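Let's look at how parts of a protein model meet. Keep the structure open while you read.

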Amino acid sequence: MSEKIINIKSTQEFDELIKNKRYVLVDFWANWCAPCRMVAPVIDEIAEKYSEKVTVAKVDIDEQQELAIRYSIQSIPTVIFFKEGRVASKEVGVKPMSSFANMIDSNIA
Amino acid sequence: METVDIIIVGAGPAGLSAAINAVVRGKTVRVFSNKESLLAKAERVDNHLGFYNITGKELMDKFREHAKNMGVKIEEGKVVNILPLGSSFMVNINGEIAGAKKVILAMGVSKVKELPGESKLLGKGVSYCATCDGMLYRGKKALVWDQSQDAWEEANYLSDIGVNVTFVSKKAKPEKLKDNIIYVNDALTEILGGDSVESVKTGREEIQTDAVFILRDGLAPAALIEGLKMDGNFISVDRNMETSIPGVYAVGDITGRPLQLSKAVSEGLIAAQHAALQIDKIKES
């Protein structure tokens, strides 16, 4: 995992992150999920490429069930882009680099 | 993750032709298949040069024997996702992730008939892979729509991890289906829900459920890989059998008419040779 990615440990940590950072991309995953393992290196690349503009975080939905319920995660991987604390865009399933780049590019000023 | 030169999806005439031609050019291959080729159902084949008056099944046996003699192993498995990553690919075979430099799609004509509500609720309770999404429904209700030979295995898996499973099938109850799974002998006609799956309609009733696992033999090509250009039900390819995604090839019935054996075999050869050449170019540079 890229060193630039924040591994969320609590709901409080998550809430502070999306409050304090303007652009946050969050990968909701779990260790039993094979498609999540496919997307992981793509998220690593996003974290490196956009490190100056976007904060990238991961939420393990088994550990952070409250967040999984709050954002009604029904299939993983689900990647959500938060802009000023609000959900701006969401991608579900295995997607290529370009899909995540698009969701960022179309939402950042 | 095990990485090979070429992953081939499908082991009919097109897939096996691609496999032996890749091996001839010194490439490593993995071939995945989860269903019998349509060729095996042909009663008599008279238009494949060199074979007069032969059954499709005999031909298919010969093809498999040929491939086996050249070291090609056909692995049982359903491919659920393919993801490009830089210059290579990651392929999800029912939960196992494998890597390849090139991918050749040879899974035959897709006769996938989508249910009303299916694509709208995909990822919102509708899933094509029990081992991928099953854990999300522990302690909840999931319905399995039996559309493939091994659907009962995935239903049992869901039951094992603590999902309350209802198995809907037009066929007789599978012998090995677990006792705690509710078996409904009916057909699914519609999936209902707003932001998530709420219920399904069958011929006779409406059943409340949190998830619907639709387990077909194959997935629609567009669901396998994002951004694949289609021409109706067929995959668009160029002269080298390469699709709109560089490094992904399509061969055989899946690329369009004529849906014939000789055409499938030829396309397998073209794709494998082109893919092998591209791999060699990368090695040299």
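Predicted model: local features only at pLDDT ≥ 70, side-chain atom pairs only at ≥ 80, totals over all residues.

Residues are numbered from 1 along each chain as written, chains are lettered from A and ligands numbered from 1 in the order written, and side-chain values use heavy atoms, without hydrogens and water.

Me: What are the bounds of the domains of chain B?
Reply: The bounds come from an automatic or database domain assignment. Domain 2 of chain B covers 126-216. Domain 1 of chain B is written in two pieces, 3-111 + 219-284.

Me: How many residues does each domain of chain B bring to the contact?
Reply: The centres of the two domains, taken over C-alpha atoms, are 30 Å apart. Contact means heavy atoms within 4.5 Å. Domain 1 of chain B and domain 2 of chain B each give seven residues.

Me: Which three residues supply 62% of the area that domain 1 of chain B buries against domain 2 of chain B?
Reply: Buried area is the accessible area (1.4 Å probe) that two parts lose on being put together, summed over both. Between these domains it is about 550 Å², with 46% from carbon and sulfur atoms. The three residues that supply 62% of the domain 1 side are B:Lys78, B:Asn94 and B:Leu219.

Me: What is the area buried between chain B and chain A?
Reply: The contact takes 23 residues from chain B and 21 residues from chain A. Carbon and sulfur atoms give 65% of the buried area. In chain B, B:Leu83, B:Leu136 and B:Glu226 lose the most, together 31% of that side. The total is about 1,700 Å².

Me: Which residue forms a salt bridge with A:Asp62?
Reply: A salt bridge is a side-chain nitrogen of Lys or Arg within 4 Å of a carboxyl oxygen of Asp or Glu. The interface of chain B and chain A has two salt bridges. In the one with A:Asp62, the closest N and O atoms are 3.1 Å apart. The partner is B:Arg138.

Me: Which element gives the most residues to the side of chain B that touches chain A?
Reply: Helices (H or I, at least four residues) and strands (E, at least two) are DSSP runs, numbered from the N terminus. Strand S4 (79-85), strand S5 (88-93) and helix H3 (130-133) of chain B each supply at least two residues. The top count is five residues, from S4(B).
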